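Okay, thanks everyone, let me get the screen going. Have a look at the sequence and the model first, and then I'll walk you through a few spots.

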Amino acid sequence: MELTDEQWAIINAPEHILKVNAVAGSGKTTTLLEYAKRRPKQRILYLTFNKSSSDEMKKKCLVANLDNITVQTFHALAYYHANGRHYDLINDLSEWTIFDGYVKGELEDKRDNLLLISWLIKDMMVFYLNSSLFYIDEALLASYRNETRPQNKVDMLLSCYADFILKTIKTILTKMKQCEIPAIHDFYLKMFHLSKPTLFYDIILIDEAQDLSGVMLEVLKIQEASRIFVGDTFQQIYAFRYAINALYKIDCLEYSLTQTFRFDDALAQKISKIVNRGYSILNDRAHFLKIKGKQERIECLEGDRQQIAVISRSVLKLFKEIAHYLGGDLKFYFEGGYESYGFMNARVLSVLYLYQGNFDKISDQFIRRFSRFRALRDFAKASQNRQLLNTCDLVQTYREDLFDINQKIKRRIVSKEEADVIFTTTHKAKGQEYQNVQMVKEDFITREQLENAVKKPDEFHFEKLREEINIFYVAATRAMDNISLHKF
C-alpha cells in the first residue's frame, strides 16, 4: 500500500511526545509498524486495549520481522510489574459480599438502601482504582460525583454516608493488599500506578488512546521514553469503563490521519455530516470530524445471500432483530461468541425464575438475595447497571419463550466464514470491518432525541450524549462495500 503524506509525516516525526487522531480505517497500524521499522535499534513497547488486539499485533510484528517490539495489554504490563501473581484474583466483588461483610450491622437503614450503599462502595472503589487519584478522600468523592452523575436516591445516600463509604473502601483495599481477601484485577493496576514505575523502553506506542483510563495515563505521563498516543476521538465509547480519552488530556503536537481506506468518499461525507450535526446540537464546536474516503463507490445494501453484519446499539434490540431472521434457513455467527451476549445463561435463568416467583430454582447467588423482581429492577435502575437492566428487559419481554428462541439460535451457529449473518453490538464490532452492514433501526441516537435532551438542563449529560454520537460513528464506519445507515 502506498503511504499518504499524513502517514509519512507521522513516520518521520521528530517529537518526543505526539498524538495521532486517526479516523476509522485510516491505516494507523500500518503507520505504526512503518514507524517501528525505521527505528530498528530502539526498544519499543506497543500497548493495546485488549488481549485480542494484542495477539493480532504480535502476529503482524512477527510477519514484519520486528523483533525490537514488545506487545502487551496495559493490564498484562501491570500484572507483571505489580506482581499480580501474588494475589488471589477474582473478576468481581459482589455487592452482597460487601453487604454481608461490611455494611449489614454497621448502619441502620432499609435493606434496599443498604444494598445500594454496598453497590456505591463497590462502584466508587473501582472508580478509584481506575482513576489518577492517589488518595481516598473528599477529592475522590467529588470526582466520582462529577463523572458518574448518580441518580437522586443514590446521590442522597452518598451524601448521608460519605464518610462510611470512604472508610469501607480503605478497609477493603487494605485487606486486598494484605491478601486477607481476594483482589480484583483493577487492584494490581492501581498498585502499579502507586509504585510510580519506570518502563525501560526507548519508545512507547499507545493504541486506542481514546480508551485509556486515568490510572493508565498517569503511568505513561511519568515515563522518560518517547510516546506516541494513537486513537480516534470519535471512537471513545467506553466512558462506562472509565475511559478519559488521552487525546484530550495530552498537551503536545497533534498529527492526523483523515484518509480512510475502508469505504468511499460519499459515505465518508455523509457520516461526517451526521456526526458534526450531532456535535453542533450539543453546542460542541471544538470537535469536528474531518474524513476523506476512497474514490470507489459504496452501494446501498441490496442483493440476496450476501453475508451481512447486523450491528445494534443494545443487546435487547439485537435479540429482537435476531428473531426476524429465524424464519428461513440462514446461518449465524456472533462477534465475540454467542455466550458473551448473555441471552441465556445462569443469571438470565435466575432472573426469569425470580420474575415467575420460582425461588427454589434460582441458582445465581446474587439474584437469589432479591425477594422480588421489582426490587431487582429498581436496584438495576438506581445503580445504572446496563447489563442487569438488559437482562430484566429481556426476561420481561420474552419470558418463557427465551428457551425456545435460544435453542433455535444455537442450532444455526456456524463459523464466521460460513455464516450468512453476523450479529454484533457496536462495542463488540469496534476494530472490525465487514463487507455489508445493516444498522438496527430505532436503536441509535437521532437528531430529535439530541435536540430534546439539550432542552432539559437538569437531565442533560454532555458526556453520555457525546458517546451516543460516537456509537453511531463506530457502527457506521464498519462497512467496506454496502451499508444501510440508521436514520439520523
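So, one term before we start: when I say contact, I mean heavy atoms within 4.5 Å. And some housekeeping: this is a predicted model, where local features need pLDDT of at least 70, side-chain atom pairs count only at pLDDT 80 or more, and totals for chains, interfaces and linings use all residues. Residues are numbered from 1 along each chain as its sequence is written, and side-chain values use heavy atoms, with hydrogens and water left out.

Let's begin with Ala476. Which residues does Ala476 contact, leaving aside its neighbours within four places in sequence? Those are Leu267, Ile271, Met439, Ile483 and Leu485. Ala476 lies in helix α22, residues 462-476; helices here are DSSP runs of H or I with at least four residues, strands are E runs of at least two, and both are numbered from the N terminus. Ala476 is buried, at a relative accessible area of 0%. Buried means under 20%, exposed means over 50%, and partly exposed is in between, using a 1.4 Å probe and protein chains only.

Next stop, Thr391, over in helix α18, residues 386-398. Thr391 is also buried, with 8% relative accessible area. Apart from neighbours within four places in sequence, Thr391 touches Val348 and Val351, in the contact sense.

Now for charges. How many salt bridges does a search of the whole structure find? The count is 24, where a salt bridge is a side-chain nitrogen of Lys or Arg within 4 Å of a carboxyl oxygen of Asp or Glu.

One of them pairs Lys28 with Asp207, with the closest N and O atoms 2.7 Å apart. That pair links distant parts of the chain: Lys28 is in helix α2 (28-37), Asp207 is in the loop between β6 (203-206) and α11 (214-221), and they're 179 residues apart. Asp207 itself is buried, at 12%.

Then there's Lys60 with Glu56, N to O at 3.4 Å. They sit 4 residues apart in helix α3, residues 51-63, so about one helical turn separates them. Lys60 is partly exposed at 33%, and Glu56 is partly exposed too, at 45%.

Last pair: Glu218 and Lys221, again a salt bridge, at 3.4 Å between the closest N and O atoms. Both are in helix α11, 3 residues apart, about one turn.
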